[in-house]
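Subject: A structure for you to look at

Hi,

Here is the structure I promised to pass on. Have a look at it first, and then read my notes below.

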Amino acid sequence: MRNRSSALKLSLLVSLTSALLGAFSTAQVAAQSLGNLAQYPPQPMKMTITTSEQGAPLVTPSTLKLNAGRYYRLTFDCPDVRGDLSGWRIEMPKLLNNAHLRLVAVGDIEIHLQGLSFNAIECDEIGSASMSFVPIKPGTYDLYVGNVPMALGRPMGEAGVQSTGKYVLSKVIVQ
């Protein structure tokens, strides 16, 4: 009788363990990301920000189309900035909140991140900055390019659209 009871307990334990492992495997598959969050090399993308004759920013291309789960390196090139107050501020908070950020680089200086975020990039001198990231959530996200806040008498680093200045809203579409 004792062997039979032990065999039954063992059988129940094996069944329960199998069920738990099966549930864990199913949950694991459902929780996987759309891709390797650091699959090297990243696909290069570039946006150039210049100044129109009227003093407004021109962003080329005005729309980027990306795929969720792919690794990208987006470079912002600012070739015609003439000084701190004529530069451009780039913000994309909703995109950054829905992406896995890996690297931010300004010139040859690289900042390696593990999913942290930042608020903005300011091009206040000629040059470029890039960020390497994986968009996670599909959607259409605004990419704001406008005057640096100090050019409008606002506090340095102030976030958000500087509506009294010159700005443009570009789009990043993640499919």
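This is a predicted model: local features need pLDDT of at least 70, side-chain atom pairs count only at pLDDT 80 or more; totals for chains, interfaces and linings use all residues.

**What I found**

The largest pocket has 15 residues in its lining, and Val106, Ile121, Glu122, Ser128 and Ala129 are the ones nearest its centre. Residues are numbered from 1 along each chain as its sequence is written, and side-chain values use heavy atoms, with hydrogens and water left out.

**The pockets**

What does "pocket" mean here? On a 1 Å grid over the protein atoms alone, a pocket is an open set of points where a 1.4 Å probe fits, with protein on both sides within 12 Å along at least five of seven lines; lining residues have an atom within 4 Å of a point. Rolling a probe the size of a water molecule over the atoms shows where empty space is left.

The largest pocket holds about 270 Å³ of space (a volume is the space filled by probe spheres set on the points, with grid points joined across faces, edges and corners). Strand E6 (99-106), E8 and strand E9 (127-135) each supply at least two residues of its lining. Those labels come from DSSP runs, numbered from the N terminus: helices (H or I) have at least four residues and strands (E) at least two. Sorted by class, the lining of the largest pocket has 9 nonpolar, 3 polar and 3 charged residues. Here Ala, Val, Leu, Ile, Met, Phe, Trp, Tyr, Cys and Pro count as nonpolar, Asp, Glu, Lys and Arg as charged, and the others, Gly among them, as polar.

The second largest pocket holds about 160 Å³. Which strand gives the most to its lining? That is E10, with 4 residues. Helix H2 (93-97) also supplies at least two. The lining of the second largest pocket divides into 6 nonpolar, 2 polar and 3 charged residues, including Glu91, Lys94 and Asp142.

**The strands**

Now trace the open sheet: 5 strands in the order E3-E11-E10-E5-E8, with mixed pairing. (Two strands pair if DSSP finds at least two bridges between them.) Strand E3 (63-66) and strand E8 (121-123) are the edges, each pairing on one side only. From one strand to the next, the twist averages 20° (the axes are lines fitted to C-alpha atoms, and angles run from 0 to 180 degrees between N-to-C directions). Strand E5 (residues 88-91) and E8 run antiparallel and are joined by 3 bridges, with Arg89 opposite Glu122.

E1 and E4 run parallel, joined by 6 bridges, and Pro44 stands opposite Arg73. E4 also pairs with E9, this time in the antiparallel sense over 7 bridges, where Cys78 stands opposite Gly127. Tyr72, Leu74, Phe76 and Cys78 make up the covered face of E4, while Arg73, Thr75 and Asp77 make up the uncovered one.

**The salt bridges**

How many salt bridges are there? The structure holds 5, where a salt bridge is a side-chain nitrogen of Lys or Arg within 4 Å of a carboxyl oxygen of Asp or Glu.

- Asp77 and Lys46 meet at 3.9 Å, N to O. Asp77 lies in strand E4 (residues 72-78) and Lys46 in strand E1 (residues 43-51), so the pair ties together parts that are 31 residues apart in sequence.
- Asp142 and Lys171 meet at 2.4 Å, N to O. This pair links strand E10 (residues 139-147) with strand E11 (residues 167-174), 29 residues apart. Asp142 is partly exposed at 36% relative accessibility, and Lys171 is partly exposed at 33%. (Buried means under 20% relative accessible area, exposed over 50%, and partly exposed in between, with a 1.4 Å probe and protein chains only.)
- Glu158 and Arg154 meet at 2.7 Å, N to O.
- Arg89, Glu91 and Glu122 are linked in a network of salt bridges.

**One more thing to check**

Most peptide bonds are trans. The bond from Thr60 to Pro61, though, is cis, with omega near -5°. You'll find Pro61 in the loop between strand E2 (57-60) and E3.

Cheers
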